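Let's take a walk through a protein together. Keep the sequence and the 3D view side by side as you read.

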Amino acid sequence: MRRFRNVKIVATLGPASNDYDMIRKLHEAGADVFRLNMSHGSHDEIRERHAMIRQVERDLDNPIGILADLQGPKLRVGVFGNEEETLENGARFRLDLDEAPGDATRVCLPHPEIFQALEAGATLLINDGKIRLQVLDCGTDFADCEVINGGVISNRKGVNVPDVVLPLAALSEKDRRDLEFVCQLGIDWLALSFVQRVEDVEEARKLAGGRAAILSKIEKPAAVKAFDDILAVSDGVMVARGDLGVELPVQNVPPIQKRLIRKCRRAAKPVIVATQMLESMIESPMPTRAEVSDVANAIYEGADAIMLSAESAAGQFPVEAVTTMDNVAQEVEADETYRELIDASRSADRATVADGIVAAAREIAETTDIKAICCFTQSGTTALLTARERPRVPIVAMTSLRGTARRLALSWGVDCVMTGELERFKQAVVNAARAARTGGYATEEDQILVTAGLPFNVPGSTNILRVAPCAERLIFATDPE
């Protein structure tokens with residue numbers, strides 16, 4: 001199913017998108033990857049959604065990526081005797097390990113690891129930052145705070161600790177169970193929540209054992225500081241602006257988003273921009289102008305993918321939300337300013353033969369009448385390197401591995417076509433020409449670029465670039481065996 005845009009769309013499944021017909025409609029409207037949120041839904045429900053996605057994939061004969069998003073360690077206060085209290089600015093409020101119901105002066109925070117890391121002067125944010133506390137004094141089982149920004153606090157509201165790297169494993173016991181479950185199920189991407197350090201990613205990779213690509217969600221100040229190291233051990237990144245905008249001043253988030261997107265592109269690793277992109281479409285069939293601009297800006301910045309959360313999971317207009325993203329993407333990518341920005345932001349350290357091959361492919365495609373770049377890839381690396389170049393022509397990734405095709409559904413501009421294992425380069429060129437014609441990328445009168453590696457089926461061996469006709473009679477007449 002050919003898309004007439006390069007940026008990919010990730011749609012979260014939930015109560016509003018919980019049957020085969022809706023999932024199919026979302027995919028046909030433009031969703032390239034489906035997100036399974038492990039914070040919601042039982043294993044049985046997740047299994048059913050996974051099965052429906054794979055059925056849509058089979059029925060439409062189109063690789064679909066599945067992203068399982070682990071919950072991560074959730075920090076929450078305990079309960080209140082009156083269910084909620086109002087905290088006034090300047091008041092004193094204590095957090096402790098006492099499980100007794102809270103009141104206007106204290107509440108339980110059942111996370112001793114937080115108290116171990118806190119220092120006087122640290123900030124605690126409750127209920128998505130609506131309540132801000134500053135630590136005056138603390139010990140191993142308490143923190144006495146001043147209320148800086150007051151408000152209503154109620155049972156089990158979330159807590160953020162932006163100033164401190166917490167001694168918390170990124171994977172809770174629930175996450176470990178969920179990780180093993182979804183890896184056995186056969187998901188393609190595994191998203192890690194609240195990553196703080198390289199070790200968090202390495203632990204998840206060890207547990208996944210190659211069964212899924214690892215995507216790090218950047219939503220903690222510590223992750224922003226350690227981003228280069230985290231990116232180096234991750235397969236992809238999500239700029240999760242929800243918690244990031246809670247733990248950092250909101251004005252810091254846009255430049256961070258731009259910086260992280262550029263770094264991901266330079267490293268040839270896909271990056272998703274997420275959270276509140278079309279939030280109003282949970283209840284409205286039309287987005288706000290500001291939301292459309294937000295989606296457009298992420299596309300202008302060169303993001304690989306943009307994501308819907310509650311809009312497609314629990315909203316009243318899930319198909320309309322995907323359609324809106326698709327329409328915005330097509331309009332932006334048709335704008336010459338978009339191409340100017342993408343070309344101006346191209347920078348990469350080209351140190352390998354594969355780097356040179358894909359750079360040359362883009363140059364040739366943009367200076368001659370080439371209709372598509374067809375790259376044969378087993379691991380997906382060649383397709384990722386080609387996507388980093390952001391060529392003006394379509395990228396058709398040819399692979400014999402279904403898992404590779406599904407993972408590449410997240411990458412900018414990459415359309416995947418399944419092919420059998422090859423032994424001769426001529427057959428590769430013939431398959432590429434057929435895929436280009438069948439997919440509507442080219443006609444028999446056109447030319448395409450073919451990149452491949454010899455010997456075939458060896459990851460990381462890209463070493464051939466061929467300008468090829470789409471007419472098979474010309475291929476057989478001119479190409480070597």
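Which residues does the UniProt annotation "domain: Pyruvate kinase barrel" cover? According to that unreviewed entry, the answer is residues 5-322; such annotations may be inferred rather than shown by experiment. Over residues 5-322 the chain is 35% helix and 24% strand, with the end C-alpha atoms 13 Å apart. Helices (H or I, at least four residues) and strands (E, at least two) are DSSP runs, numbered from the N terminus.

A word on the model: it is predicted, so local features need pLDDT of at least 70, side-chain atom pairs count only at pLDDT 80 or more, and totals for chains, interfaces and linings use all residues. Residues are numbered from 1 along each chain as its sequence is written, and side-chain values use heavy atoms, leaving out hydrogens and water.

Now find helix H2, residues 43-60. Its 18 residues reach 26 Å from first C-alpha to last, close to the 26 Å expected at 1.5 Å a residue (1.5 Å times one less than the number of residues). Among its buried residues are Ile46, Met52 and Leu60, where buried means under 20% relative accessible area with a 1.4 Å probe, protein chains only. What covers the buried residues of H2 includes strand E1 (8-13), helix H1 (20-29) and helix H16 (402-407).

Definitions and conventions
Buried < 20%, exposed > 50% of the residue type's maximum accessible area, 1.4 Å probe, protein only. Contact = heavy atoms within 4.5 Å.
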